[in-house]
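Please look at the sequence and the structure first.

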Amino acid sequence: MTSALGPQFLDPEWLISTFGVIGILAIVFAESGLLIGFFLPGDSLLFTAGLLIAGGTYLHLPLWLMCVLVSAAAAAGDQFGYAFGRRFGPALFRRPDSRLFKQENLTRASGFFARYGARSIVLARFVPIVRTFTPIVAGASHMHYRTFLSYNVIGAACWGTGVTILGYFLGQVSFVKSNIELILVGIVVLSVVPIGIELLRSRRRTRTSGSEPG
């Protein structure tokens, strides 16, 4: 079964109705720091969680508790990614491409980290794919652990709380209730925009450097 968001297993409402809070936390953890988690629906999942809490559907827990749990899962995922990168980082940069691993994703996160430094741990939270690989790159780069921990907690709280609360309040708007799938598609599109912009900038830089006389 497919929807406008793709296969059923990527549909946030189906995931929540099937796996509940545990499923949300597992996906947030995986998307935050596991190499295989980059394709999971992080933003739309949290938005839908807030929306469903507002409507009292599937999720019957306080909004504040959902925000705390999601933020904790996100921070834990990044911690795992950092530890993984610190242990296996150099080998990852030599690993060949496969169905679930692309060097370009690691390279993109490396560029993001090089550009924004410690701030990238917070900023990457709001950029799909990049948020999965940035903590791994931070670990591989031997970023000071206390610095990483501080930015990790801040980023996890801002993303986990912000997107969930946004879904909660917009979920009480009649138009959003009547067009949930359309809204989720819009969120996915908006979340991909930063990646598209960065790719265009990267191509322009490559063309410019290639056209410069040697």
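## Helices α1 and α6

Helix α1 (residues 12-33) and helix α6 (residues 130-140) cross at roughly 60°, and their axes come within 5 Å. On the α1 side the contact is made by Glu31, Ser32 and Gly33, and on the α6 side by Arg131, Thr132, Pro135 and Ile136. Sorted by class, this contact of α1 with α6 has three polar, two nonpolar and two charged residues. The model described here is a predicted one.

Ten of the eleven residues of α6 are buried, which leaves the helix mostly covered. The buried residues are Val130, Arg131, Thr132, Phe133, Thr134, Pro135, Ile136, Val137, Ala138 and Gly139.

Apart from residues up to four places away in sequence, Thr134 touches Ala109, Phe112, Phe113, Ser120, Ile121 and Ala124.

## Loops on either side of α6

Ile129 sits in the loop between α5 and α6. Although Ile129 is not a glycine, its phi is positive, at about 70°.

His142 belongs to the loop between α6 and α7 and follows α6. The phi of His142 is also positive, near 55°, and this residue is likewise something other than glycine.

A further loop residue is Arg119, placed between α4 (103-116) and α5 (120-123). With a relative accessible area of 48%, Arg119 is partly exposed. The C-alpha atoms of Arg119 and Tyr151 are separated by 7.1 Å, while the two residues are 32 residues apart along the chain.

## Helix α2

Helix α2 covers residues 42-55, which is 14 residues. From its first C-alpha to its last it reaches 20 Å, close to the 20 Å expected at 1.5 Å a residue. Twelve of these 14 residues are buried, so α2 is largely enclosed by the rest of the structure. The buried residues are Gly42, Asp43, Ser44, Leu45, Leu46, Phe47, Thr48, Ala49, Gly50, Leu51, Leu52 and Ile53.

After α2 comes Gly56, which has a positive phi near 70°.

## Packing of α2 and α7

Helix α7 (residues 145-170) packs with α2 at an angle of about 45°, and the two axes are 6 Å apart. The helices α2 and α7 are therefore oblique to each other. The crossing in which α2 passes α7 is right-handed. From α2, the residues in the contact are Gly42, Asp43, Leu46, Phe47, Gly50, Leu51, Ile53 and Ala54. From α7, they are Trp159, Gly160, Val163, Thr164, Leu166, Gly167, Tyr168 and Leu170. By class, the contact of α2 with α7 has ten nonpolar, five polar and one charged residues.

An α-helix has 3.6 residues a turn, so residues three or four places apart point the same way. Among the α2 residues in this contact are Gly42, Leu46 and Gly50.

## Helix α7 and Thr164

The 26 residues of α7 should span 38 Å at 1.5 Å a residue, and this agrees with the 37 Å between its end C-alpha atoms. In α7 the buried residues are Phe148, Asn152, Gly155, Ala156, Trp159, Gly160, Val163, Thr164 and Gly167.

Thr164 lies in helix α7 and is buried, with a relative accessible area of 0%. Which residues is Thr164 in contact with, leaving aside its neighbours within four places in sequence? They are Leu46, Gly50, Leu63, Met66, Cys67 and Trp159. Of these, Leu46 and Gly50 are listed among the buried residues of α2.

## Ala73 in helix α3

Ala73 is part of helix α3 (residues 63-92). The relative accessibility of Ala73 is 10%, so this residue counts as buried. Ala73 touches Leu25, Val28 and Phe29, not counting residues up to four places away in sequence.

The C-alpha atoms of Ala73 and Ser32 are separated by 8.4 Å, with the two residues 41 residues apart along the chain. Ser32 is also one of the α1 residues that make the contact with α6.

Notes
Residues numbered from 1 in each chain as written. Predicted model: local features only at pLDDT ≥ 70, side-chain atom pairs only at ≥ 80, totals over all residues. Heavy atoms only, no water. Helix = DSSP H or I, 4+ residues; strand = E, 2+ residues; numbered from the N terminus. Expected span 1.5 Å × (residues − 1). Buried < 20%, exposed > 50% of the residue type's maximum accessible area, 1.4 Å probe, protein only. Axes fitted to C-alpha atoms, helices over the stretch in contact; angles between N-to-C directions. Parallel < 35°, antiparallel > 145°, perpendicular 65-115°, else oblique. Left-handed = near helix turned anticlockwise from the far one by under 90°. Contact = heavy atoms within 4.5 Å. Nonpolar A, V, L, I, M, F, W, Y, C, P; charged D, E, K, R; others polar.
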